Amino acid sequence: MRISRGLRLAVALGLFATAAACGGGGDAGGSGDKVELTLLSHYSDGPSKEGLDKMIQQWNKENPKVQVKAQVVKFDDLLTTMTVRQTGGRGADIVSAYGLWGGQLMKANVVAKVPDDIATKIKAEYSPAALGAVTTGDTLLGYPTELNTYVLFYNKKILAAAGVSKPPTTWAELADAAKKTVKRDAKGNIQVEGLSLIQDGDNKSVHPFLSLLDAAGGKFLGSDGTAQFDNAQGKAALKFEADLAAAKATNPSIMPTKQFRSGGVAMAIQAGWWIGSLKTQMKDKYSSDVGVTAIPGPTAGSKGSLAYGFFMGVNQRSKHGDEAWKFLTWMNEHKAADGTVTETGKWLADQGLIPPRTADQAAYKKTLSDPNMAPIYDAATYAMAEPNQPGAYEAKTALHNAIMGVLADGKNPDDALSQAAKAVKPQ
Amino acid sequence: MTSAVGRVGTLAVPARRVGKLQREGRAAYLFLAPALVFFCVFLILPFIFAIVLAFSDWGGFDLGTLKWAGTANFGDVLSFDGTFVKPILVNTLLFAFGSVFLATFGSVLVAYCIDRLAFQGFWRVLYFLPVVATVVAIGNVWKMMYQPAGLINGVLNKLGVNSIGFLSDASYALPSVTVVQAWASIGGAVLILTAGLKAIPEMYYEAAEVDGANSWHMFWSITLPLLRPALLFVLITQFIGGLQSFALIIVMTGDGGPVNATNVAAFEMYQRAFKYGAWGTASAMAMVLFVIILAITLLQLWIARRRGEETS
């Protein structure tokens, strides 16, 4: 009998331990009158973290009853973290997300509808490229934050040494410059890549291609999510890339973010944020070696770019939605110490990013000390906004595979585009 | 009467024993309860949930948005117009078969050689080291060696051969990662096969030697047949590992590229679920892979049992 009691006790303790191990505590939403808001973002280090922390500290000081707590993860883990936490009922009150995920987050009821008064103000005060990158269908997902546009980076010295006196302004000039600057050793190893058509990160070939597609007057997806790139413009843009690959003037195995700074890449189609990295990595060589210009199109005067953005929205499951919107409104509207731009605009510009608010953009554009920033700001006025409806991410991956098939495997561009278009399934 | 008394007697004793057994059984189950709860929560429930998801349309995040989709996900996954059957499933099978073949062949050779060397412990530790190292470290080291300016291309260049894009050329990428998977799993197989070799009685070799058999005959007619149970275990575990491989691909190629050349089922499932929010399709893929692994494992066991072998 005593043994039996002992057994029961042991089992009960075991079950208790298991339950304790399996269970998790919920996020404390607030105690008493005090509300604690959580903000999940990828601003995990450097100036991005410092700037956001500074704003949160100021808010917390001024609003003792609504405290904001930053939660950060690396960008690569952001979507996974959001998915897992939201599914487990522990989603953050405020989420910072990549615009491309917007449709997916909206379909899954993650982001709350932006209140009408706030939406009206955002639509009136932010640039079209920034709005486009964070709007799914007609639905605005939140406050636009980061905005990036694509431009052509080039190494002035490599171009000059190859006899190219001015940056290319048409596809023909771009191809000519790429072929003149490419260098290989006797074993066929690339010493200098003429034009890089890939970027670091997810779906690395798509953004440069979409910039060229925009320059040719083409579109990626329609508003209903159907493929729009399998046409004359799309074929022309991919044929341009295929010709460069056939001439071995471009090679997708070379990563420009690693090779450009040491003179291993002559030209690269990249996002504006790269300028900050180049300044840090190249130091004095940056101003003498690096030039930035608009991505040329097939004819003289034509140009194109892609704009992608991030946004901060409120979780639909947040118990403190009103407070969260109050914080976001304050964060995005209060002015910096000099009174000319918003604190958020300054925070983004300090990172080498384009502030999404039109007034901030205009203020910064007037005082740009680096001439390379001008084409990046200009691109915000004409760039194609990255589509973000449900299914856009899969469409982008299908397009990436098609482009890589052409660049790395020598596939026919028309066939590759046609196959990618078939893989695009509107949701 | 005697028989009745006897029957009562035989019933009375077992009744006490049955009672004791029942108490012991309850105690055993109670002791097992924490482990069973853990097993249910982390294995059975997720498996059942995956089955439900495979027949649903769900974008993640909110269980309230889960919708019944019937067999549509399986239709999408198994469609020949899609990418799952070809190249992804084909890649998965090539990767698994290739790595199992190379690892098994290599491990038999290494284990057989070690069994005939001095300092056997040292050699076993040496070959086991890759198993101790993390996949991330292994993947990154091999990735550097495969680079255009890496060690392997350096050697090829010295021999007058042009550089090969091991991870950037679609024709070479899958064989390149398969070799790494095989290399990384040889150590574990060597350990199991060495134990198998040690279990073969020496007298068979002595008798064969007396009969005039050479080393090759002894290996083919004694070692290999008697090593089959250990080999079967190695084959099954390596094959399952190969079919489920995920980390090495993501470390070495990042996105299963170039052009899906190294994309395997487990990686595609991860992408579908966590990137695209297509949990239904990802779960349908998981079910298809589960059936394939189960079928291949049962086939391996059936072949082995026909020959009267078990993995013991």
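Helices (H or I, at least four residues) and strands (E, at least two) are DSSP runs, numbered from the N terminus. This is a predicted model, in which local features need pLDDT of at least 70, side-chain atom pairs count only at pLDDT 80 or more, and totals for chains, interfaces and linings use all residues. Residues are numbered from 1 along each chain as its sequence is written, while chains are lettered from A and ligands numbered from 1 in the order in which they are written.

Start with confidence. The predictor gives the complex an ipTM of 0.70 and a pTM of 0.78. Per residue, the score is pLDDT, the predictor's confidence in each residue, from 0 to 100. Chain B averages 86, and 94% of its residues score at least 70. Among the elements of chain B, helix α5 (residues 135-146) has the highest mean pLDDT, 93. Helix α1 (residues 2-54) of chain B has the lowest, 79. Over residues 1-10 of chain B, pLDDT stays under 50. The model has 0 contacts beyond four places in sequence for residues 1-10 of chain B; a contact here means that the C-beta atoms of two residues, placed from the backbone, lie within 7 Å. Where pLDDT is low, the predicted coordinates should not be read in detail.

Now chain A. It holds 19 helices and 15 strands. The radius of gyration of chain A is 25 Å. Along the principal axes, the C-alpha atoms of chain A fill a box of roughly 90 × 60 × 45 Å. Buried residues make up 50% of chain A. A residue is buried if 20 or more other C-beta atoms lie within 10 Å of its own, exposed if 12 or fewer, and partly exposed in between, with C-beta atoms placed from the backbone. Of the contacts in chain A with a separation of 6 or more, 73% join residues 24 or more positions apart.

Chain A is divided into domain 1 (9-147 + 308-373) and domain 2 (149-306 + 387-423), with bounds from an automatic or database domain assignment. Their C-alpha centres lie 31 Å apart. Across the boundary, 16 residues of domain 1 of chain A are in contact with 15 residues of domain 2 of chain A. On the domain 1 side, α4(A) supplies the largest share, 4 residues.

In strand β9 (residues 190-196) of chain A, 5 of the 7 residues are buried, so β9(A) is largely enclosed by the rest of the structure. Strand β8 (residues 183-184) of chain A pairs with β9(A) in the antiparallel sense over 2 bridges; pairing requires that DSSP finds at least two bridges between two strands. A:Lys183 stands opposite A:Val192 in β9(A). The two strands β8(A) and β9(A) form a hairpin with 5 residues between them. In the turn, A:Gly188 has a positive phi of about 90 degrees. β9(A) also runs parallel to strand β10 (residues 265-271) of chain A, joined by 3 bridges. There, A:Glu193 has A:Val265 in β10(A) as its bridge partner.

Chain B has 12 helices and 2 strands. Its radius of gyration is 26 Å, whereas a compact globule of 312 residues would have one near 20 Å. The C-alpha trace of chain B spans about 100 × 75 × 30 Å along its principal axes. Of the residues of chain B, 34% count as buried.

Some backbone details of chain B stand out. Most residues other than glycine have a negative phi, and most peptide bonds are trans. The bond from B:Lys86 to B:Pro87 is cis, with omega near 15 degrees. B:Pro87 sits in helix α3 (residues 84-114) of chain B. B:Phe119 has a positive phi, near 55 degrees, and lies in the loop between α3 and α4 (120-132) of chain B. B:Phe119 counts as exposed because it has 10 C-beta neighbours inside 10 Å. B:Asn260 also has a positive phi, near 65 degrees. It is found in the loop between α10 (247-253) and α11 (265-275) of chain B. With 24 C-beta neighbours inside 10 Å, B:Asn260 counts as buried.

Finally, the interface. 30 residues of chain A are in contact with 31 residues of chain B. On the chain A side, α1 (2-22), α3 (75-87), α4 (102-107) and α18 (392-409) each supply at least two residues.

Note on methods:
Rg over C-alpha atoms; globule rule 2.2 N^0.38 Å.
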